[in-house]
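Subject: Structure for your review

Dear colleague,

Please find below the structure that I am handing over to you.

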Amino acid sequence: MDTDKDGLLSSSDLVAAFTAHGKNIGGGEAQAMLDEVDGPMNFTQMVTLFASKMAGGSDDDDVILASFEAFEMDGKIDAEAFRHSLMTFGNKFSASEVDDAFAEFKIDEGMIDAAHLKGLMVSK
């Protein structure tokens, strides 16, 4: 992973490592990873960072609410657009997973009640 063998990970080291494993990232994305620790990052710090990320920590309620608000129009969320996004972007959900989730939502005329959805997802 430390392609230049200087004992520290740089953004170019991370870009090369991800590319070697079939995932292309840009220098900015790599630098954002490095910025998550104070000071220079070595391999041990990177492994610790990945382990904490993979431990499944949860997003803050404000982050979750903001993500739903990105889809919201006048208190409603277009169900088909939301379904498409859940199955297409990021950690993709299967059709079955989306169907299970949608069974819990209040949907009227193809629109999800945004306040109800947010109430299901956060404790606020």
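With a relative accessibility of 19%, Arg83 counts as buried, because buried means under 20% relative accessible area, exposed means over 50%, and partly exposed lies in between (1.4 Å probe, protein chains only). Arg83 belongs to helix α5. Helices (H or I, at least four residues) and strands (E, at least two) are DSSP runs, numbered from the N terminus. Apart from neighbours within four places in sequence, Arg83 is in contact with Ala95, Val98, Asp99 and Phe102, where contact means heavy atoms within 4.5 Å.

Please note that this is a predicted model, in which local features need pLDDT of at least 70 and side-chain atom pairs count only at pLDDT 80 or more, while totals for chains, interfaces and linings use all residues. Residues are numbered from 1 along each chain as its sequence is written, and side-chain values use heavy atoms, with hydrogens and water left out.

Another residue of helix α5 is Glu80. Glu80 counts as exposed, because its relative accessibility is 52%. The C-alpha atoms of Glu80 and Lys118 are separated by 17 Å, and the two residues are 38 residues apart along the chain.

Next, the helix pairs. Axes are lines fitted to C-alpha atoms, for helices over the stretch in contact, and angles run from 0 to 180 degrees between N-to-C directions. Angles under 35 degrees count as roughly parallel, over 145 as roughly antiparallel, 65 to 115 as roughly perpendicular, and the rest as oblique. A crossing is right-handed if the near helix is turned clockwise from the far one by less than a right angle, and left-handed if anticlockwise.

The axes of α5 and α6 come within 10 Å and cross at roughly 140°. The two helices are therefore oblique to each other, and their crossing is right-handed. On the α5 side, Ala79, Phe82, Arg83, Leu86 and Met87 take part; they meet Ala95, Val98, Asp99 and Phe102 in α6. By class, this contact has seven nonpolar, no polar and two charged residues. Here Ala, Val, Leu, Ile, Met, Phe, Trp, Tyr, Cys and Pro count as nonpolar, Asp, Glu, Lys and Arg as charged, and the others, Gly among them, as polar.

Helix α4 (residues 61-69) and helix α7 (residues 114-121) have axes that come within 10 Å and cross at roughly 155°. That makes α4 roughly antiparallel to α7. Their crossing is right-handed. Ile64, Leu65, Phe68 and Glu69 in α4 meet Leu117, Lys118 and Met121 in α7. The residues of this contact divide into five nonpolar, no polar and two charged.

Helix α1 (residues 11-20) packs against helix α2 (residues 27-34) at an angle of about 115°, and their axes are 8 Å apart. α1 and α2 are therefore roughly perpendicular to each other, with a right-handed crossing. From α1, the contact involves Ser11, Leu14, Val15 and Phe18; from α2, it involves Gly27, Ala30, Gln31, Met33 and Leu34. Six of these residues are nonpolar, three are polar and none is charged.

I turn now to the interior. A nonpolar core is a set of buried Ala, Val, Leu, Ile, Met, Phe, Trp, Tyr and Cys residues joined through side-chain atoms within 4.5 Å. The largest such core has 13 residues, and those with the most contacts inside it are Phe68, Ile77, Phe82, Phe102, Phe105, Ile112 and Leu117. At least two residues of this core come from each of α4, α5 (79-88), α6 (95-102) and α7. The largest share, three residues, comes from α4. A second, separate core of eleven residues includes Phe18, Ala30, Leu34 and Met46.

Finally, two loop residues deserve a mention. Most residues other than glycine have a negative phi. Asp74 is not a glycine, yet has a positive phi of about 55°. Asp74 is in the loop between β1 (72-73) and β2 (76-78), and is exposed, with a relative accessible area of 82%. Glu109, also not a glycine, has a positive phi of about 50°. Glu109 is in the loop between β3 (107-108) and β4 (111-113), and counts as exposed at 76% relative accessibility.

Yours sincerely
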